[in-house]
Amino acid sequence: MQLFEESSTVGNIVTCKAAVCWEAGVPPVIEQIQVAPPQQGEVRIRMMYSSACHTDCHSMAGLDEYTCFPTILGHEGAGIVESVGEGVTSLAPGDPVVPMYIAECGECGPCIGNKTNMCVKSRAWLCKGVMADGTTRFSCRGKNIGYYMSISAFSQYTVCPEEAVAKVDGATEDDLRRLCLLGCGVPTGYGAVSRVAKVESGSTVAVFGLGCIGLSCIQAAKHAGASRIIAIDLNPGRADLARVMGATEFINPLDHPNKPTQQLLQEATAGGVDYSFECAGGNVNVMRTAIESSHPTQGTCILISLAPSGQQLSLNPMDLLTGRTVRGCIFGGIKGRTDIPHLADDYFKGKLKLDEYVNLEVPLDNINKALMTMSTGKCIRPVIDMR
Ligand SMILES: [Zn+2]
Ligand SMILES: [Zn+2]
């Protein structure tokens with residue numbers, strides 16, 4: 001049964017389908033929504049494919065304070081620019097694109113410098129449910145619907161700021177089926193290793209949590225020439241995929257009930273690994289284990305997961321006094337407009353694996369199946385056909 005008519009444009013307002021999350025803790029519902037035209041400096045994108053990330057489930061459950069309900073979730077997507085607002089110069093209708101939650105304006109201090117990707121411009125809208133002018137472009141049944149991470153990829157159309165949209169020249173519509181993964185998980189893991197930690201050849205690496213981010217850390221560590229890449233997860237089903245991505249060893253903490261994981265790693269690597277990456281989903285105890293697994297005098301631990309609001313991470317000052325470094329990053333330190341085209345190019349050349357993450361593809365109408373399957377660990381990344 002066809003629930004809704006195909007998307008249509010009347011008076012430059014697009015009517016299309018989207019998965020609307022009306023309140024925290026309740027799964028999204030497929031609704032017909034209106035998407036306003038792009039304003040000054042914005043572009044409207046026809047989303048072709050989206051993928052779901054654990055952060056969508058985390059927000060859907062109401063575990064963070066940043067999600068503005070009602071909202072349209074989704075922050076990994078790829079589509080085609082449908083129209084552009086006044087003043088947009090770098091994008092045109094027909095461009096294949098990946099929208100991003102961290103902008104790259106190219107003009108602010110962070111964008112010009114090389115220390116961080118945290119573009120100052122993003123702060124006007126990120127986590128506020130609106131665009132820079134304080135309003136949303138989405139409405140449904142006469143109610144305003146908030147943005148999610150300034151993207152809302154689970155809508156057939158979205159409007160985003162020009163500086164938060166990466167153009168991927170040469171990508172075909174079919175390529176977008178995989179390039180949607182470049183919206184969050186893959187660049188987050190890949191960048192944490194290559195941009196934030198800057199792992200050197202010959203380093204020892206431990207990766208906690210083998211979801212999309214962890215597996216992407218492994219890919220990047222392999223490309224960097226790490227000598228040992230130790231993959232850690234409670235799910236033995238992830239060991240094979242970790243090896244495909246480049247892991248040299250796999251540890252399941254459940255196989256070692258009498259020895260803490262940090263001790264296992266310290267013993268296996270003469271005191272601790274050079275680099276540890278925590279991407280196990282925001283458990284502060286695992287964060288601490290990852291920190292203690294890095295070498296006390298020269299190790300670096302990178303925290304990547306989002307912990308539930310209100311949780312605290314405790315540390316012994318001695319953990320840091322001896323010289324260990326602990327850092328965090330968002331979006332892997334990636335500057336999207338510059339870096340996403342390079343990652344796409346690596347995928348086209350066979351240097352970056354993306355197909356291996358996807359073992360479920362569903363139409364938008366079945367989005368709840370995608371979210372459910374991912375949250376039970378049965379798939380790394382479900383792809384949602386938005387067309
Ligand atoms: Zn900037
Ligand atoms: Zn994400």
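Me: What makes both faces of β10 count as covered?

Reply: In this predicted model, Y157, V159 and P161 on one side of β10 and T158 and C160 on the other are all buried. In a regular strand the side chains alternate between the two faces of the sheet.

Me: Why is strand β10 called largely enclosed by the rest of the structure?

Reply: Buried means under 20% relative accessible area. In strand β10 (residues 157-161), 5 of the 5 residues are buried, so the strand is largely enclosed by the rest of the structure.

Me: How do you know that strand β4 and β10 pair, and in which sense?

Reply: Two strands pair if there are at least two bridges between them. Strand β4 (residues 42-51) and β10 have 5 bridges, and their pairing is antiparallel. As one example, R44 has V159 in β10 as its bridge partner.

Me: What makes the arrangement around the zinc ion (ligand 1) tetrahedral?

Reply: Four donors count as tetrahedral if all angles lie between 85 and 135 degrees. The 4 donor atoms around this zinc ion (ligand 1) subtend angles of 105 to 116 degrees, and therefore the arrangement is tetrahedral.

Me: Which residues are the protein donors of the zinc ion (ligand 1), and how do you know that they are donors?

Reply: A donor is an N, O or S atom within 2.8 Å of a metal such as this one. The SG atoms of C105, C108, C111 and C119 lie 2.3 to 2.4 Å from the zinc ion (ligand 1), and these are its protein donors. Along the sequence their spacing is C-x2-C-x2-C-x7-C.

Me: Why does C108 count as buried?

Reply: The cut-off for a buried residue is under 20% relative accessible area. C108 has 13% relative accessibility, so C108 counts as buried. C111, at 11% relative accessibility, therefore counts as buried too.

Me: What are the protein donors of the zinc ion (ligand 2)?

Reply: They are C53 (SG), H75 (NE2) and C184 (SG), which lie 2.0 to 2.2 Å from the zinc ion (ligand 2). Their spacing along the chain is C-x21-H-x108-C.

Me: Which residues touch the most other members of the largest nonpolar core?

Reply: Among the 104 residues of this core, they are I218, F277 and Y357. Helix α5 (residues 212-224) gives the core its largest share, 7 residues.

Note on methods
Residues numbered from 1 in each chain as written. Chains lettered and ligands numbered in written order. Predicted model: local features only at pLDDT ≥ 70, side-chain atom pairs only at ≥ 80, totals over all residues. Heavy atoms only, no water. Donors = N, O, S within 2.8 Å, 3.2 Å for Na, K, Ca; no water. Core = buried A, V, L, I, M, F, W, Y, C linked by side-chain atoms within 4.5 Å. Buried < 20%, exposed > 50% of the residue type's maximum accessible area, 1.4 Å probe, protein only. Helix = DSSP H or I, 4+ residues; strand = E, 2+ residues; numbered from the N terminus. Tetrahedral: all angles 85-135°; square planar, octahedral: opposite > 155°, others 65-115°.
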